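Student: I am new to this structure. Could you walk me through it?

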Amino acid sequence: MTLPRRSILQSAGAAGSLLLVGGLPVWARGEQPPDEPAPPAYLRLSAALIGADPARLEPEARAGEVALADTFHALCREAAPDATAALLAAWREAAPRDGPAPGGAAEAGAAGHLLTGGGRPREGGIGAMARLTMLMWLYGVWYGETEAARVPDSAGVVGPGHRTDLVVSVRAYRNGWIWRLAQARPMGVAGAPGEWAETPPGLDEFLDGA
Amino acid sequence: MRQTRTARYDVAIAGSGFAGAAMALLLARAGRRVLVLEAGPGLDALHRDHVERYVLATFKSPSAPYPPDPGVLDPSRTNAPRPTIEALVAAWDDPARSYFEHAPGSLPFASTYERLAGGTGNHWMGTAVRMDGADFRLRSAYGRGLDWPLGYDDLEPYYGQAEHLIGVAGDRAEQESVNGIPYGAGYAYPMGPVPPSYGDRVVGARLDGAVLADDAPAPARLTSTPAGRNSAPYQNRGPCRGSTSCVPICPVRAKYDPRVALREAMATGRVELMARAVVDHVRTDEGGRVTGLHYLRYEDDGVPAATGRTGGGVATADVYVLAAHAVENARILLNTERATGRAAANSSGLVGRHLMDHPVYLAWGLMPAGTPVYPYRGPLSTSGVETLRDGPFRRRRAAWRLELGNTGWNWPIGDPWVTGADFVYGSDESGANPGRRVLGGRPYAEAVNDVLTRQLRVAFLVEQEADPANRVELSDRWTDNLGTPRPRISYGVSDYVRAGFASAREATRRIMARLGAADHTVTRDDAPNAFRYGGRTYNYQGGGHLCGTHVMGTAPGNSVVNDRQRTWDHPNLYLAGCGSMPSVGTQNPTLTMLAVSCRTVDDILGRLA
């Protein structure tokens, strides 16, 4: 039936299943430090994918909280270790040294290199892991099922245990960058009384904190 | 299996939702002892637990925060199942996966409800607009549907009582100016209106004065919407902070929900809540008096449930109220004859009939370049058009109320999830990426920003007239995990409603033209929620406003309850809730239902005195 939220959210029927990683639901895993932190390049490529300042991508962590980059990177490695390594290698190739300046053409070019092939979504492990990484930062959701459905080639990249869609953690959802792109806040997160009546801060302020 | 008999109460109420919780509170304040039987879980979960369930749900549906898990579709093995959007999307016509069985030829009934402490009021949006005078006289004024046995003047003081019980933020003068309905002398809403959104101002400046329907030539005027949402501290709850998740849950509890009244009622020490106690039938004596509410108990909220019935009993009191929801009230009454051989409240044969909703015509578009409206901020809606809700046109076509949304294309297509993914996958499910571009980096951010900040959504709540063919019956095949037959629904939309949709479509065309916006509304011919009218296809959405099923009237032959919601057949049985409404007008019905139920409390107290 034509009702809302049909496309990327078609996982509704499977929402009761839990993606167990290391014996814990994903959102519990978001509270546990992974075996190893994400390499700095993972944070840089993540920022490049959505056009954000790398210094602002990672939310400030309180005592005991795990960096989102560490959690996201660990999920990628567990779902597809070789493809995750290939993604990092492709980033280093496209963006040598510390990566391009945020917001510049070089950054957009590097992001485009990871995401596209001939104007279409890039197939193979690099494209799949770039999109899954980008979507985690945008929505706080691991979209393994959506990825396999949208790009059939990706079903061979992501292990069957990770072909599901699940919110990674409360923090991951609340940090979702898609809301900043709307110059707004995540649905379900409180702001200041009456702020919706005013003009919001500009997009650059959300992306760069200028 | 435990069989228990409760202590004697003054009043036993089935259901702790909007009507049940408020009635319990008002009765307790008057010194009466009340037992509330709730089919679902009680107050054991913290509010933040429900918020966390919402945040962690991939499908942020109206049911997402609430148990049992709406993502697992197995109503036959769920102890207190309910209809959900999840099931509508996946399997509306498969009773193995969807709570309702639909009769052959029925259209999908597209609205849902909750079964837990606080009821569906947990996920209500908060809109609290009064009905117009003519809404109570639809039959006599326009020859359509049914009349109420009472009028606006009878209900006016109770509207005020209900608005203060909820804590409605509104502007009396503005409401009187657009509706022409009088408020009581000296009356003021508990607090001023919640600030209209930035988008309201942009749209209102361009829309005000427009003629949206030739048969309703009054100029359109966008005004603030009274809502059960704090604009200032009230009832120890803070003001709205724009969380944009009123449905299904307000994280800061600025929006009233029936748990507020329920907790206050229980704090009096005169109200007891029995959770996971499903009333399945009514016990009556030879003389027609109700002698008890029979209930089934269970322990497992899981899906599928590991265990079923673990006990049961009969709740006894002097007066009984079924406030279990329009569909569940009808189900209890219809199941009474099946379980006991003795019909309940159904000498008219009208129990379950006249099921209504507000079928919604949903339209969406993009504001012109350079004219953002900045949605995804504030309450889900803060303004609407009230000036076109009544007129002689109601003889020919259904009226509508226009609600302007603050959440872009979230309702129509599930944004921002869909548009954001379109620019990742090079797809165009949103209609906002016709070039099927794949973008990354700053070009992605700017493209998505340009779409999301210009999204416009309007919803037309179309009045559905009472039709006896739209009804709730008992399924003769499908049960829940406690063995009680599930509801079977017969539902359709009349030509009267369809003509209302045609009017809404034309109004949309004029709105988009006035705003310079591009209409992105999509109609799907092959969808189950489609109908044809005037050579066009329309899709309807559920308004979540389930009404009818035990309508009130002037005589036992034309109704189930009288104007006080007391059943004609049983002197000590009341049916409370939207099921009693003979017409639904064009505004969200909760406020009116609560006002009627406040009036019922006065009747009960008079009888107990």
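Tutor: Start with a term: two residues are in contact if their C-beta atoms, placed from the backbone, lie within 7 Å. This is a predicted model, in which local features need pLDDT of at least 70, side-chain atom pairs count only at pLDDT 80 or more, and totals for chains, interfaces and linings use all residues. Residues are numbered from 1 along each chain as its sequence is written, while chains are lettered from A and ligands numbered from 1 in the order in which they are written.

Student: Which residues is A:Cys76 in contact with, leaving aside its neighbours within four places in sequence?

Tutor: A:Cys76 sits in helix α4 (residues 68–79) of chain A. Helices (H or I, at least four residues) and strands (E, at least two) are DSSP runs, numbered from the N terminus. With near sequence neighbours within four places left aside, the contacts of A:Cys76 are A:Thr84, A:Met129, A:Leu132 and A:Thr133.

Student: Is A:Cys76 buried or exposed?

Tutor: A residue is buried if 20 or more other C-beta atoms lie within 10 Å of its own, exposed if 12 or fewer, and partly exposed in between. A:Cys76 has 26 other C-beta atoms within 10 Å, so A:Cys76 is buried.

Student: How many Å apart in space are A:Cys76 and A:Leu132?

Tutor: In sequence, 56 residues separate A:Cys76 and A:Leu132. From C-alpha to C-alpha, the distance is 8.0 Å.

Student: Which element gives the most to the side of chain A that touches chain B?

Tutor: The contact takes 64 residues from chain A and 67 residues from chain B. On the side of chain A, elements that each supply at least two residues include α2 (40–50), α6 (105–115) and α7 (124–139). With 6 residues, the one that gives the most is α6(A).

Student: How do the residues on that side of chain A divide into nonpolar, polar and charged?

Tutor: Ala, Val, Leu, Ile, Met, Phe, Trp, Tyr, Cys and Pro count as nonpolar, Asp, Glu, Lys and Arg as charged, and the others, Gly among them, as polar. For the side of chain A that touches chain B, the division is 40 nonpolar, 15 polar and 9 charged.

Student: Why does α5(B) count as roughly perpendicular to α14(B)?

Tutor: Axes are lines fitted to C-alpha atoms, for helices over the stretch in contact, and angles run from 0 to 180 degrees between N-to-C directions. Angles under 35 degrees count as roughly parallel, over 145 as roughly antiparallel, 65 to 115 as roughly perpendicular and the rest as oblique. In chain B, the axes of helix α5 (residues 152–166) and helix α14 (residues 590–608) come within 8 Å and cross at roughly 105°. That makes the pair roughly perpendicular.

Student: Which residues of α14(B) make that contact?

Tutor: From α5(B) come B:Leu155, B:Tyr158, B:Tyr159, B:Gln161 and B:Ala162. From α14(B) come B:Leu591, B:Leu594, B:Ala595, B:Val596, B:Cys598 and B:Arg599.

Student: Which residue in β10(B) stands opposite B:Ala12?

Tutor: Strand β2 (residues 9–14) and strand β10 (residues 317–322) of chain B run parallel, joined by 5 bridges. Opposite B:Ala12 stands B:Tyr320.

Technical notes:
Two strands pair if DSSP finds at least two bridges between them.
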